Amino acid sequence: MMYLLPMRCLPLFAIGVLFLYPPGSLRAATAETAVAGGVTYQAIGTYDLDRLNAILTTELGEFTKTSVTYPPAKMAVRLYRVTYPTVIPEKNNRPVRASGLVAIPEHPSARPPMLSYQHGTVFSRDEVPSAPDKSMETRLMLACFAAQGYVVIAADYIGKGASAEPDSYLVKATTAQACFDMLLAARAVLADLQVKPGDLFLAGWSQGSFSTQIFLNRLESVGEPVKAAAVASAPNDLYLCVTRWIQVPSELDVQWLVGTTALLIHSYAEYHGLPGLADAAIRPAYRQTARDLYENKTTWEQAAKVFPATAKELLEDSFVREGALADNRFFQELQNAKAYNWQFQTPTRLYYGKIDEVVTPFMATLPVEYQKTIGGAPCEAVFAGEKANHRGTFAFAAKDLQTWFGEMSSPR
């Protein structure tokens, strides 16, 4: 759950139409190339060293107040938008198309490590990895990893980017499927570009942490090796996370939580077949705004002027009471969406901050003792600091992962 306030940017156009980017940024997109399995890809430009270093300094400073210093970029990064076939498990595996990003260092080694990055919450359809100029978190990962020699891939998720579907926000099986099929698509693109990736790493922030862990579960279930995984500000237990927002508000809480609660209710109604959920859950004064936000008919800035200050105020009293007892399908589905309750096979790090506005330290570190108890792979909690908020935790994690992943990478 990233909870970014949407940036005022130009719109993302449909497949086959060129992306528009600010002057001095990405070049115009090239024609699409088709490869195996119904996958297509399109070069959308290059980040040169000057741009990458600006991301690590000036742009990061605008994104979050942080004192983190990163190593300078070593090489330019070529960027490709990918579209690929996938399915929606919650809808009887209905076939759909999704999109994502493949980023390749300009001079990759013979077997460059590959990082699959899972992005956090955005309140629009186009602030996604395949439009990196609109996604600061994506740009930071490109500057921290692709510019240091990693291939970086990232799914937009179903309902974001080029996808024509409703937002699959925090829907477990659909999210894992989109990430899994993005990995397959990326490998097809890399093969066509004659790049052979080496070790696979996973990382994500907030909503992307949830996505990373359920993706890891899917990979481990089919025997796909992952060298290491890391998550920052992870909502490991969605029922715990949402119920805390409703029942135990904190002075740290921000209004974004109201928007994410609205997205989650509509997403679960759509993907879990719960007609009438939004009307039963959301107070009449906020129902239309919540629907418009979910359908990208209004911006977060507009919705924030209508929404109340807290998630509890958004909801009907009867729904709040049912939530306390997990006495309806919505809250039961949230309980089924835990992202850590299997025996990890992969070394994992969990990053948390003291003043995170979204995920408490307890929530973010839940898997540590759980994995010890069931004999899972090493699972370590890493403290980002007393002054680390949601974005600060992400910035800290990106720096720390450069060292940790680098130590674990096979010789290149």
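Strand S3, residues 77-88, is a mostly covered piece of this predicted model: 9 of its 12 residues are buried.

**Strand S3 and its partners**

- On one side of the pairing list is strand S2 (residues 40-47), which is joined to S3 by 7 bridges. S2 and S3 run antiparallel.
- S3 and S4 make a hairpin, with 5 residues between the two strands. Check out Asn92 in the turn, because its phi is positive, at about 55°.

- How many disulfides does the structure hold? The count is 0.
- Take Cys179: the closest cysteine sulfur to its own is in Cys241, 18 Å away, so that is too far for a bond. A disulfide needs the two sulfurs within 2.5 Å.
- Are Cys179 and Cys379 buried or exposed? Cys179 has a relative accessibility of 2%, so it counts as buried. Cys379 is buried as well, with a relative accessible area of 11%.

**Salt bridges around Arg51**

- Side chains with opposite charges can pair up when their charged atoms come close. In this model, the count comes to 19 salt bridges.
- One of them links Glu59 and Arg51, whose closest N and O atoms are 2.7 Å apart. Both Glu59 and Arg51 are buried.
- Arg51 also forms a salt bridge with Asp133, and there the closest N and O atoms are 3.2 Å apart.
- Why does the Arg51 and Asp133 pair tie together parts of the chain that are 82 residues apart in sequence? Arg51 lies in helix H1 (residues 49-63), while Asp133 is in the loop between strand S5 (114-118) and helix H2 (136-144).
- The accessibility values put both of those residues under cover: Arg51 is at 16% relative accessibility, so it counts as buried, and Asp133 is buried with a relative accessible area of 10%. The cut-off for buried is under 20%.

**Another salt bridge, and a network**

- Asp253 forms a salt bridge with Arg244, with the closest N and O atoms 2.9 Å apart.
- These two partners fall into separate classes: Asp253 is partly exposed, with a relative accessible area of 22%, whereas Arg244, at 13% relative accessibility, counts as buried.
- Some salt bridges share partners, and in that way Arg51, Glu59, Asp133 and Arg139 are joined into one network.

- Where do you find Asp126? Look in the loop between S5 and H2.
- Asp126 is buried, with a relative accessible area of 15%.
- The side chain of Asp126 makes a polar contact with the side chain of Ser124, at 3.2 Å.

Methods. Residues numbered from 1 in each chain as written. Predicted model: local features only at pLDDT ≥ 70, side-chain atom pairs only at ≥ 80, totals over all residues. Heavy atoms only, no water. Buried < 20%, exposed > 50% of the residue type's maximum accessible area, 1.4 Å probe, protein only. Helix = DSSP H or I, 4+ residues; strand = E, 2+ residues; numbered from the N terminus. Salt bridge = Lys/Arg side-chain N within 4 Å of Asp/Glu carboxyl O. Polar contact = N/O pair within 3.5 Å; in protein donor to acceptor, adjacent residues only side chain to side chain.
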